[in-house]
Amino acid sequence: MDEIALVDYDPRWPDLFELEAARLRRILPSGLITRVEHFGSTAIPGLPAKPIIDLLVGVNSLAAARRDTLAPLATLGYAFWSDDPDPSRMFFVRGLPPNGPRTHHIHMVALDSPFWERLRFRDYLRAHSDEALRYAQLKRELAAQFSGDREAYTDGKTEYVASVMRKADAASAADPA
């Protein structure tokens, strides 16, 4: 079973992200990676999270990434989810059960992927601590309710995330800078 277990924010998470991003840049083919971002709950100071560092990795070519990243990432302990129903990304897990615990997720996408929108959610919560507190409460409630059901836990956040994205859109429209 893949248990949902939230922990309090760990101030080491940004450093763990930086270390892993540097490892990826060293091991993957030169010129393939264009951008690496820390996102998800571990990227939002003060927010409780599953202790998994999410990395959003932009690549010049998803086809080249499919060809050139599987073996190098396997040497770092990453398992590739080949059955991912979303063909617009590549998803890797370090510590995939039963070889866990999970420690890192890599979401590898092209630069024009809508997946980059997730950074707006991160940035909005970073800038609005009151909203981050509401999200923390929801996460705790869902983790208690769905401790053994990762999909239900994630689905339970969908409406809230959409509401924050509307707020981020409104804030962006009000401040075109």
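Arginine 134 counts as partly exposed at 42% relative accessibility, where buried means under 20% relative accessible area, exposed over 50%, and partly exposed in between (1.4 Å probe, protein chains only). This is a predicted model, in which local features need pLDDT of at least 70, side-chain atom pairs count only at pLDDT 80 or more, and totals for chains, interfaces and linings use all residues. Residues are numbered from 1 along each chain as its sequence is written, and side-chain values use heavy atoms, with hydrogens and water left out.

Arginine 134 has a salt bridge with aspartate 130, at 3.5 Å from N to O; the term covers a side-chain nitrogen of Lys or Arg within 4 Å of a carboxyl oxygen of Asp or Glu. Both residues lie in helix H5, four residues apart, or about one turn of the helix. For the naming, helices (H or I, at least four residues) and strands (E, at least two) are DSSP runs, numbered from the N terminus. Aspartate 130 is also partly exposed, at 41%.

Glutamate 131 forms a salt bridge with arginine 134 as well, and here the closest N and O atoms are 3.1 Å apart. These two also lie in helix H5, three residues apart, again about one turn.

## Other salt bridges

Salt bridges that share partners also join Arg35, Glu37, Arg122 and Asp123 into one network. Within it, arginine 122 and aspartate 123 have their closest N and O atoms 2.8 Å apart. Arginine 122 is buried at 8%, whereas aspartate 123 is partly exposed at 36%. Counted by this rule, the model has 13 salt bridges.

Why look at such contacts? Side chains of opposite charge can pair when their charged atoms come close.

## Aromatic pairs

There are six aromatic pairs in the structure. Rings of Phe, Tyr and Trp (its six-membered ring) pair if their centres lie within 6.5 Å; planes under 30 degrees apart count as stacked, over 60 as edge-to-face and the rest as tilted. Tryptophan 81 and phenylalanine 91 make an edge-to-face pair, with 6.1 Å from centre to centre and 75° between the planes. Tryptophan 81 sits in the loop between S3 and S4 and phenylalanine 91 in strand S4, so this pair ties together parts ten residues apart in sequence. Tryptophan 81 is partly exposed, at 38%, but phenylalanine 91 is buried, at 10%.

Tyrosine 135 and tyrosine 160 are stacked, because their ring centres are 5.3 Å apart and their planes are at 5°. This pair links distant parts of the chain, with tyrosine 135 in helix H5 and tyrosine 160 in helix H7, 25 residues apart. Both tyrosine 135 and tyrosine 160 are buried. Together with Phe121, Tyr135 and Tyr160 form one aromatic cluster.

A ring also meets a charge: the charged end of arginine 118 sits over the ring of phenylalanine 115, 3.8 Å from its centre. The test asks for NZ of Lys or CZ of Arg within 6 Å of the ring centre and within 35 degrees of the ring normal.

## The largest pocket

The largest pocket has a volume of about 1300 Å³, and 38 residues line it, with Arg89, His107, Arg118, Thr154 and Lys157 nearest its centre. Elements giving two or more residues to the lining include strand S4 (89-94), strand S5 (104-110), helix H5 (129-145) and helix H7 (158-174). By class, the lining has 18 nonpolar, seven polar and 13 charged residues. Ala, Val, Leu, Ile, Met, Phe, Trp, Tyr, Cys and Pro count as nonpolar, Asp, Glu, Lys and Arg as charged, and the others, Gly among them, as polar.

On a 1 Å grid over the protein atoms alone, a pocket is an open set of points with protein on both sides within 12 Å along at least five of seven lines, and lining residues have an atom within 4 Å of a point. Grid points are joined across faces, edges and corners, and the volume is the space filled by probe spheres set on the points.

## Two loop residues

Lysine 157 lies in the loop between H6 and H7 and is buried, at 11%. Lysine 157 and lysine 139 are 18 residues apart in sequence and 7.5 Å apart in space, C-alpha to C-alpha.

Leucine 32 belongs to the loop between helix H1 (13-27) and strand S1 (33-39), and is buried at 6%. Its C-alpha atom is separated by 7.2 Å from that of serine 61, 29 residues apart along the chain.

Definitions and conventions: 1 Å grid on protein atoms, 1.4 Å probe; cavity = no way out; pocket = protein on both sides within 12 Å on 5 of 7 lines; lining within 4 Å.
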